Amino acid sequence: LRICVQMVEIWNINGIESDVYHRESSQSYVDEVIIVIPGNPGVIGFYTKFIDHLYQSLGKKYSIYGVGHAGHGAVGKNSTRIFDLQDQIKHKADFLARFPSSTKFVLIGHSVGAYIALKVFKRNPQFNISLVVNLFPTVCHLWNGLTLPKKALSYRVVQRTIFGGLHYVPHIIKRQFLKMSNDLVEEAMYLTAESNMLDYYVLMNITNMLTYETIEITNIDDEIASIIQDQMPKVFFLYGPHDGYAPKAFHDELKERFPGVSAELADESIPHAFVTTHHGPVADHITPWIAKILGPVEDVASENQIRKEIAVGEQL
């Protein structure tokens, strides 16, 4: 069952109502599919412009699906369920299982979404995964990159104390709190996701996931290390020079530990939460990576026409 809500749809993924945003391939015979896995918060509404830009840059040849995290959307449709990090990994594998067995996948993970994508790749050899693109990946040392407020929010007693009182806070104050506290939010975007992120159980899922991230994402673990080593031609990493969550030092550590791994640095101006203000440059950066694996994009509009369509779409 799919219920359309302002372009973001609600899909039932193995019993979990989940937000999905997708753009369909203009060529019906193409069996390659791109899956975008968000960071935390995993509200897919933040990623729509990034998905739209990437879709245009690839000539509309490939279907792209962005799948929100379990419990981070579909407000009120999952009762009081709280999901941990392992649940999110299984949730994404369950999403891939919806597609025909012949489907070839490209996974794009942002922040902790990169960790999830690599885990899905490692644990599910039945899927034909051609490429995993890791954007500003938090695959190690997560605690080190957290600000003090976010470290505090990783403790359950703090979560329950703060968010339990949100039921009694006027909506206008909630909106201001969201705007000030979340680095993924800007004036033009936070209205899209406010009804999600101000729900008590959504907030508990976001912060509960953060708790498990701090526990489980420490050093590069054996699963992550083995998938990088064994599938090196299929994994790409993009780091931010001044990214507090995944800084240049992590890029250097990765390159030293895994000689030959494809890891690059983004422009210095691009922040960790790139999806609101820098979605275009990041989509443009990774387009050649995807085209190299899936093959050249044929019969598409000229580069100028693509840029024109993107500009028009972003003004709507």
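Trainee: How many residues does α9 have, and how far does it reach from its first C-alpha to its last?
Mentor: α9 has 17 residues and spans 24 Å between its first and last C-alpha, close to the 24 Å expected at 1.5 Å a residue. The expected span is 1.5 Å times one less than the number of residues. Helices here are DSSP runs of H or I with at least four residues, strands are runs of E with at least two, and both are numbered from the N terminus.

Trainee: Before we go on, where does this model come from, and how is the numbering done?
Mentor: It is a predicted model: local features need pLDDT of at least 70, side-chain atom pairs count only at pLDDT 80 or more, and totals for chains, interfaces and linings use all residues. Residues are numbered from 1 along each chain as its sequence is written, and side-chain values use heavy atoms, with hydrogens and water left out.

Trainee: Thanks! Is α9 mostly covered or mostly open?
Mentor: Mostly covered, as 13 of its 17 residues are buried. Buried means under 20% relative accessible area, exposed means over 50%, and partly exposed is in between, using a 1.4 Å probe and protein chains only.

Trainee: At what angle does α9 pack with α2?
Mentor: Helix α2 (residues 85-96) and helix α9 (residues 200-216) pack at about 100°, and their axes are 8 Å apart. The two helices are therefore roughly perpendicular to each other. Angles under 35 degrees count as roughly parallel, over 145 as roughly antiparallel, 65 to 115 as roughly perpendicular, and the rest as oblique. The axes are lines fitted to C-alpha atoms, for helices over the stretch in contact, and angles run from 0 to 180 degrees between N-to-C directions.

Trainee: Which residues meet there?
Mentor: From α2 there are Leu 85, Gln 86 and Gln 88, and they meet Met 209, Tyr 212, Glu 213 and Glu 216 of α9. By class, this contact has three nonpolar, two polar and two charged residues. Ala, Val, Leu, Ile, Met, Phe, Trp, Tyr, Cys and Pro count as nonpolar, Asp, Glu, Lys and Arg as charged, and the others, Gly among them, as polar. Contact means heavy atoms within 4.5 Å.

Trainee: Okay, new helix pair. How do α3 and α10 pack?
Mentor: Their angle is about 75°, with axes 9 Å apart; α10 covers residues 222-230. That makes α3 roughly perpendicular to α10. The contact between them has five nonpolar, one polar and four charged residues.

Trainee: And what does Tyr 115 touch?
Mentor: Tyr 115 is found in α3. Leaving out residues up to four places away in sequence, its contacts include Leu 85, Ile 89, Glu 216, Ile 217 and Ile 224. Tyr 115 counts as buried, at 3% relative accessibility. The C-alpha atoms of Tyr 115 and Ile 217 are 8.4 Å apart, although 102 residues separate them along the chain.

Trainee: I also clicked on Tyr 21. Where is Tyr 21, and is it buried or exposed?
Mentor: Tyr 21 sits in strand β3 (residues 16-23). With a relative accessible area of 3%, Tyr 21 is buried. Among the residues it touches are Met 7, Val 8, Ile 44 and Tyr 65, not counting those up to four places away in sequence.

Trainee: What about the backbone, which peptide bond is cis near Pro 41?
Mentor: The bond joining Asn 40 and Pro 41 is cis, with omega about 10°. Pro 41 lies in the loop between β4 (32-37) and α1 (48-57). Most residues other than glycine have a negative phi, and most peptide bonds are trans.

Trainee: So which phi does Lys 60 have?
Mentor: Lys 60 has a positive phi of about 60°, although it is not a glycine. Lys 60 lies in the loop between α1 and β5 (63-67), and is partly exposed at 30% relative accessible area. Ser 79 also has a positive phi, near 55°. Ser 79 is in the loop between β5 and α2 and counts as exposed, at 55% relative accessibility.

Trainee: Last one: how many helices and strands does the chain have?
Mentor: The chain comes to 13 helices and nine strands, and 56% of its 316 residues count as buried.
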